[in-house]
Amino acid sequence: MKQLFTGILSLIIAMSSFAAEHVSWTYKLIGDKTSDPAVEITASIDPGFHLYSLDNPEGGAGALEFHFTTEGCKLSGTPKANKAYTKAYNDIFEVNEHFYSGTVKFTQKIKPTAANYKIKLEINGQVCDDQGCYQVFDSHQFAGSAPLDPSRKDDKEVTENNPETDVQSEAVAEMVDSIRDNNAPLEPGVNMSNVSTSDWWANCEAEMKEFKDAPEEQTRSLWYIFFAGFLGGLIALVTPCVWPMIPMTVSFFLKQNKSRRKSIGAAATYGASIIVIYVLLGLIVTVLFGASALNELATSAGFNIAFFILLVVFAISFMGGFELTLPSSWSNKMDSKVDSTTGLLSIFFMAFTLVLVSFSCTGPIIGTLLVEAAASSNFVSPAIGMAGFAIALALPFSIFAMFPTMLKSMPKSGGWMNTVKVVLGFLELALALKFLSVADLAYGWRILDREVFVSLWIVIFALLGVYLLGKITFPHDSKVEKIGVTRFMLACVSLAFAVYMLPGLWGAPLKSISAFAPPLTTQDFNLYDGSVHAQVDDFEEGMKLAEKYDKPVLLDFSGYGCVNCRKMEAAVWTDSEVKSKIENDYILVTLMVDDKTPLPKPIVVKEKNGKERTLRTVGDKWSFLQRSKFGATAQPYHVIVDKNAKPLAPAFVYKEDVPAYRNFLNTGVKRFKETDK
């Protein structure tokens with residue numbers, strides 16, 4: 001079973017891997033040989049990704065840009081999309097972002113001024129999913145003809161919606177010379193006699209490949225969803241709706257089958273049926289919402305309000321306010337199917353009956369899991385999460401059938417199971433606030449700023465600790481005569497967690513809840529100042545400082561619209577050891593690939609695929625550096641280089657892992673000292 005699941009998971013991951021660009025472009029010239037032609041630009045966006053619109057607000061991710069160079073024609077109006085963009089609030093940047101999913105077509109009308117005309121198009125933009133952001137770039141040339149009015153002057157003037165372009169050759173060295181002209185003079189005291197600037201821009205993909213590849217974040221994310229589901233299944237096992245069913249079901253199999261082998265086979269089939277049912281449920285969620293819609297669910301204010309209400313309802317149910325039950329006719333129908341069928345089909349309907357009758361306990365857990373899976377914006381996440389949940393739920397039925405004597409050691413049913421439900425109710429209530437926070441930021445209510453959110457969590461976990469000590473009771477609780485050791489220890493953990501969050505009221509980062517709480521910018525009273533700042537924001541200036549101070553360079557390819565960049569800065573760079581290491585042992589150079597500051601003169605370069613590309617902004621320059629030198633397009637992308645801009649360690653991509661980042665920094669310093677000798 002383990003090998004089978006591992007194989008299936010690997011296949012799903014392989015099928016869900018994405019191409020490097022995540023957006024494919026097609027072009028069409030319509031109305032050729034007419035007086036009103038137009039160009040059509042179609043973007044096909046990979047599932048789970050979204051492409052930002054032409055008018056994405058400032059402060060968010062990089063907006064889509066079309067750069068037209070025309071000869072013998074003029075642009076008529078601006079590009080028009082064939083569908084409306086999705087508008088969603090980004091709580092990191094606190095702006096409403098506009099983006100497209102699936103396929104979108106843009107149309108640009110043309111007015112010919114000559115019998116023959118040419119159009120050159122270059123595209124810049126940004127496409128993102130929950131794992132990171134990638135720069136979008138492509139180019140295309142159109143050529144057409146049009147009947148002209150004899151009275152109209154034949155105008156073949158070359159026009160562009162940008163300043164004059166400084167055309168360079170495809171050689172990187174020549175391109176660097178042009179870029180270097182725009183940089184500040186060398187700082188006094190820096191000896192550059194033995195340094196070749198063009199070498200700084202030289203491709204080093206071969207050197208990067210010599211390092212051991214870092215694990216893919218996509219794989220980690222799916223495993224996280226699986227283990228979250230597995231943990232949910234283990235919790236569901238000890239609820240009043242499931243735990244008493246284990247000995248009853250196993251005893252039924254043992255009595256029905258005289259052979260132990262047949263009993264084990266029946267129990268294994270029962271467990272497999274549970275897995276199939278829940279995995280099908282996860283697949284149904286994907287089919288209903290669609291691949292690209294899952295990301296929109298995670299970012300939509302309306303759906304976040306719905307998730308908040310749903311989780312509050314689940315919490316009240318767990319605390320004994322009411323029971324969530326499915327119509328009794330459903331379970332009765334399954335019972336009749338069990339009686340009217342035999343063999344494997346009968347066992348399958350028994351498993352279906354368990355799923356239905358246990359819904360009052362498992363429903364809230366499944367609902368929470370599906371909400372979190374949808375928020376991951378990966379279209380296979382619901383199925384993966386349900387697989388983990390079902391495996392944990394099904395294992396005891398098979399294990400106890402194989403070893404029936406273990407049934408005697410099972411804890412007996414009792415009031416402790418209702419305690420489990422109430423504890424889950426507290427946790428559901430805390431999680432619900434996360435979704436309300438997103439909606440609060442979207443609508444600007446400002447009723448759930450960070451200090452309010454943290455205060456509510458402190459109260460929830462403090463009350464949970466008091467409940468575990470038996471000082472609070474709910475409708476279905478049994479009277480607590482004495483507190484067991486386990487219950488007492490859990491109460492201590494909950495109360496300690498509440499105390500841990502207290503400094504957050506004054507701005508402490510609270511890394512353990514940074515993924516749930518609103519950003520620090522929403523806090524009115526903040527005494528914390530532990531952020532890391534780059535020494536320079538220019539690649540060549542950073543290399544000059546590395547030569548002067550004899551230090552390695554930490555290149556941080558980032559973006560103003562990169563959500564995961566901000567997450568890593570908050571979760572990793574705020575670590576005292578990491579902060580000290582960066583500030584004392586490195587030259588930190590942050591390069592914003594979506595910086596829209598214009599270059600003094602645009603530069604034409606050739607990409608590795610042979611297509612020409614014009615670098616018009618500072619962000620274009622750093623994006624080209626990342627692609628041409630390291631062969632990467634994702635942000636955040638951290639790479640350590642020596643004074644000759646040669647890599648010293650494998651790149652570090654988005655991963656909120658402080659120990660791994662410390663090792664990344666230590667490796668860079670160690671190798672720098674070795675090569676410097």
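Author: Lys 581 and Asp 585 are 4 residues apart in helix H19, which puts about one helical turn between them. Helices here are DSSP runs of H or I with at least four residues, strands are runs of E with at least two, and both are numbered from the N terminus. The model is predicted, so local features need pLDDT of at least 70 and side-chain atom pairs count only at pLDDT 80 or more, while totals for chains, interfaces and linings use all residues. Residues are numbered from 1 along each chain as its sequence is written, and side-chain values use heavy atoms, with hydrogens and water left out.

The side chains of Lys 581 and Asp 585 form a salt bridge, 3.3 Å from N to O. A salt bridge is a side-chain nitrogen of Lys or Arg within 4 Å of a carboxyl oxygen of Asp or Glu. An α-helix has 3.6 residues a turn, so residues three or four places apart point the same way. Lys 581 is partly exposed at 22% relative accessible area, and Asp 585 is partly exposed at 25%. Buried means under 20% relative accessible area, exposed over 50%, and partly exposed in between (1.4 Å probe, protein chains only).

Glu 577 pairs with Arg 662, with the closest N and O atoms 3.6 Å apart. Glu 577 lies in helix H19 and Arg 662 in helix H21, so this pair ties together parts 85 residues apart in sequence. Glu 577 is partly exposed at 43% relative accessibility, and Arg 662 is partly exposed at 26%.

Arg 662 also meets Asp 575 in a salt bridge, 2.7 Å from N to O. Asp 575 sits in the loop between helix H18 (563-571) and helix H19 (576-585), and Arg 662 in helix H21 (residues 658-676), so to speak 87 residues apart. At 8% relative accessibility, Asp 575 counts as buried. The salt bridges number 12 by this rule; elsewhere, Lys 120, Glu 122 and Arg 616 are linked in a network of them.

Leaving aside neighbours within four places in sequence, Phe 630 is in contact with residues including Cys 204, Met 208, Leu 555, Phe 557 and Val 639. Contact means heavy atoms within 4.5 Å.

In H17, 8 of the 11 residues are buried, so this helix is largely enclosed by the rest of the structure. The buried ones include Phe 539, Met 543 and Leu 545. At the start of H17, a side-chain oxygen of Asp 538 comes within 3.1 Å of the backbone nitrogen of Glu 540. Asp 550, which follows H17, has a positive phi near 55 degrees.

For the whole protein chain, there are 21 helices and 19 strands, and 51% of the 677 residues count as buried.

Terms used. Polar contact = N/O pair within 3.5 Å; in protein donor to acceptor, adjacent residues only side chain to side chain.
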